[in-house]
Amino acid sequence: MSASLLGKASDKGLLSFGVHDLRDWTYDRHRTVDDTPYGGGPGMVMKPSPWGEALDDVLTPSARLVVPTPSGRPFTQAVAAEMAAGDHLVFACGRYEGIDSRVMRHYAPLVRVDEVSIGDYVLAGGEVAVLVMIEAISRLVPGVLGNFESVTDDSFAPGRMETLVEGPVFTKPRDWRGQAVPDVLMSGHHGRIARWRRDEAFRRTAALRPDLLARLDPAGLDKHDRKLLESLDLAVDPGRVAK
Ligand code: JD8
């Protein structure tokens, strides 16, 4: 978090980060944070007591408690934007089989508690998920990105009319290992370039993210879009998309 974008943002005073070691709130010789699960089963569960001691110290009245877990609600760009509006986020990184559920219930009446998942795969703990969330949230904090445009242009940005994946990008040289940059990008014709990029975004979205196309608002499509979508081999009902 001291490198690159986040490091610069923290140098500028736009954000600040702290990291805590849960074992600082244990008082036994082995600094124990885990115990066997009630009801049996594999692995170990994180004890509520160190978490309670730690969170009592770290949480503030305006804080939000964010708990990564594979069973949480999806962490999306909209969730990132909502969290970027908060002034104090506390991330509780679990290990083992997770944190005793009573911890989240205990804090829910005191602060906003969000159990979130960064995707449908299984990690060994919450730390990497939290790095992902911190990066996604921090770049939405005003001043963190040099160029404000880069936020509003994101294909997943909430409020953007369409939600498409980005098309391909190119830079110099014009020819590389036998591959030329598409002529249209060299034409200087801004209208044609914009249309080509949009077409490529639709093609790629249809091929890789049919779930996004299915959610597309037909009101945001023009005649050209509808024709292109009809020409694509859609995995979803084209009537639903290109209406
Ligand atoms: C927190 C412990 C591992 C979770 C057994 C071993 C998020 N998208 C995501 N995938 N995985 C996590 C995640 C995994 C975690 C913890 C987040 C704490 N584990 C456990 C329960 C099942 N494994 C995550 N966000």
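This is a predicted model: local features need pLDDT of at least 70, side-chain atom pairs count only at pLDDT 80 or more; totals for chains, interfaces and linings use all residues.
Residues are numbered from 1 along each chain as its sequence is written, and side-chain values use heavy atoms, with hydrogens and water left out. Local features need pLDDT of at least 70 and side-chain atom pairs count only at pLDDT 80 or more, while totals for chains, interfaces and linings use all residues.

**View 1. The protein chain as a whole.** The chain has 10 helices and seven strands (DSSP runs numbered from the N terminus: helices are H or I of at least four residues, strands are E of at least two). Its radius of gyration is 23 Å, well over the 18 Å that the globule rule gives for 243 residues, so the chain is more spread out than a compact globule. That radius is taken over C-alpha atoms, and the rule is 2.2 Å times the number of residues to the power 0.38. Along the principal axes, the C-alpha atoms fill a box of roughly 70 × 45 × 40 Å.

**View 2. The shell around the ligand.** The ligand is surrounded by 18 residues, of which Pro68, Tyr96, Gly119, Tyr121 and Leu123 are the closest (a residue counts if one of its heavy atoms lies within 4 Å). By class, the shell holds 10 nonpolar, six polar and two charged residues. Here Ala, Val, Leu, Ile, Met, Phe, Trp, Tyr, Cys and Pro count as nonpolar, Asp, Glu, Lys and Arg as charged, and the others, Gly among them, as polar. β3 gives the most to this shell, with three residues.

View 3. A backbone N or O atom of tyrosine 121 lies 2.7 Å from a ligand nitrogen. For leucine 123, the distance from a polar backbone atom to a nitrogen of the ligand is 3.0 Å, and for threonine 69 it is 3.4 Å. The protein covers 84% of the 530 Å² of accessible area that the ligand has on its own (Shrake-Rupley method, 1.4 Å probe).

**View 4. The largest pocket.** The largest pocket contains about 1,000 Å³ of space. On a 1 Å grid over the protein atoms alone, a pocket is an open set of points where a 1.4 Å probe fits, with protein on both sides within 12 Å along at least five of seven lines; lining residues have an atom within 4 Å of a point. Of its 36 lining residues, Gly18, Val19, Leu89, Val90 and Phe91 are the closest to the centre. α5 gives the most to the lining, with six residues. The lining comprises 25 nonpolar, six polar and five charged residues.

Terms used: Grid points are joined across faces, edges and corners, and a volume is the space filled by probe spheres set on the points. A polar contact is a pair of N or O atoms within 3.5 Å; within protein, one must be able to donate a hydrogen and the other to accept it, and residues adjacent in sequence count only if both atoms are side-chain atoms.
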